[in-house]
Amino acid sequence: MKSFSFLLLALLGFSANSILCRMALGPGLIDAATFTTVRICAGALTLILLTRQLRLPGDWYSAAALFAYAILFSYGYARVGAAMGVLALFGAVQATMIGWGLHVGERVRMLEWLGLLLAFSGLVVLARPGMAAPDPFGIGLMILAGIAWGVYSLRGRGVAKPLLATAGNFVRCVPMAAIVSTATLGSAHATTYGLTCAVVSGAVASGIGYCLWYAALAGMTATRAAFAQLSVPLITTAAAVLLLDEPVTGRLLIAAGAILAGVVITAMPRRR
C-alpha cells in the first residue's frame, strides 16, 4: 500500500508537469525560457534539500540531455495542447529507446516491431496536416523533447543511485538554463501566476515527484513500473479536457490509441 501510494502521487506529479506548463505558457503568462529556468532551479534546490547532499553524482552529457528535454518541453507547450503534447512526447521516448536497441544490436521481437510501428503511426497521425491538426512546429518540438528524454533515460540505465544522479544533473542544468534566459532576455516576461506554476512544476511535480517515483520502485518489478507509466498520458489527457477545456477530437483518440497500444506491446515482458 505504501509503494502504491508513492506510485500514484509520482504519476500525478509527472502528469501535473504538462498541465502546469500548459496553464502558464498557453495563455502567455510567462515565457518558455524563464519557465524552464525557474523550474530547473526549484527542482535542483528541492532535490538538494531532500537528498541532504551538496556533492552529487551525475555527468554533463546526461545533464545536457535533461536540459534539452526541459527547454524543448516548454517551447513545445507554448504552441500545442497538453493532451497532444504528452502523446507526441510519449511516442518519441518509446521510439528513441527501441531505436537505440536496434542500433546496438539488441534482438527485437516481432511484437516489439509492431509496437514501434503503432507508436510511430500515432505520431504521424498527430503531425498530419488537416483542419484539426495541432501546430506542426510545436509537435516537432515535443517529439524532440521526447528524444532527449529517451537519451537521458538510456544514459541513466544501470546508475547505482538514480535519485542522487538526478539531483546532480538538475544542478548541472542550472547554468545551461541561465545562459538561455540571458540570451532571450529581450522577450522575457512573467506574472506571479506563471512563476508559481514554474516553481510548483520544479519543486513538487519534478523534485518531490522523482523522490516518490524512486521510493515506489523499491516495491515494484521493472515490468509493473513500465506499465504504470502508461497512465501518465491518460491522466494528462483527462486533466487537459477537464481543467483546460481541450477538445476530444478523432485525431486525438486515434493517435492516443495507436501510441498507447504500441507502448503496451513493447513493454510486455519477454518469455524466458
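Helices here are DSSP runs of H or I of at least four residues, numbered from the N terminus. The model is predicted, so local features require pLDDT of at least 70 and side-chain atom pairs pLDDT 80 or more, whereas totals for chains, interfaces and linings use all residues. Residues are numbered from 1 along each chain as its sequence is written, and side-chain values use heavy atoms, without hydrogens or water.

A cavity is a set of points on a 1 Å grid over the protein atoms alone where a 1.4 Å probe fits but cannot get out, and its lining residues have an atom within 4 Å of a point. One cavity of 30 Å³ or more is counted. The largest cavity has a volume of about 70 Å³, volume being the space filled by probe spheres set on the points, which are joined across faces, edges and corners. Its lining consists of R39, I40, L66, F67, Y69, A70, F170, C173 and Y210. Eight lining residues are nonpolar, one is charged and none is polar; Tyr and Cys count as nonpolar and Arg as charged.

Helix α3 also packs against α4 (residues 82-103), at an angle of about 145 degrees and with the axes 10 Å apart. Axes are lines fitted to C-alpha atoms over the stretch in contact, and angles run from 0 to 180 degrees between N-to-C directions. Contact, meaning heavy atoms within 4.5 Å, joins Y69, F73 and Y77 of α3 to A82, G85, V86 and L89 of α4. Six of the contact residues are nonpolar, one is polar and none is charged.

Notes. On a 1 Å grid over the protein atoms alone, a cavity is a set of points where a 1.4 Å probe fits but cannot get out, and a pocket is an open set with protein on both sides within 12 Å along at least five of seven lines; lining residues have an atom within 4 Å of a point. Helices (H or I, at least four residues) and strands (E, at least two) are DSSP runs, numbered from the N terminus.
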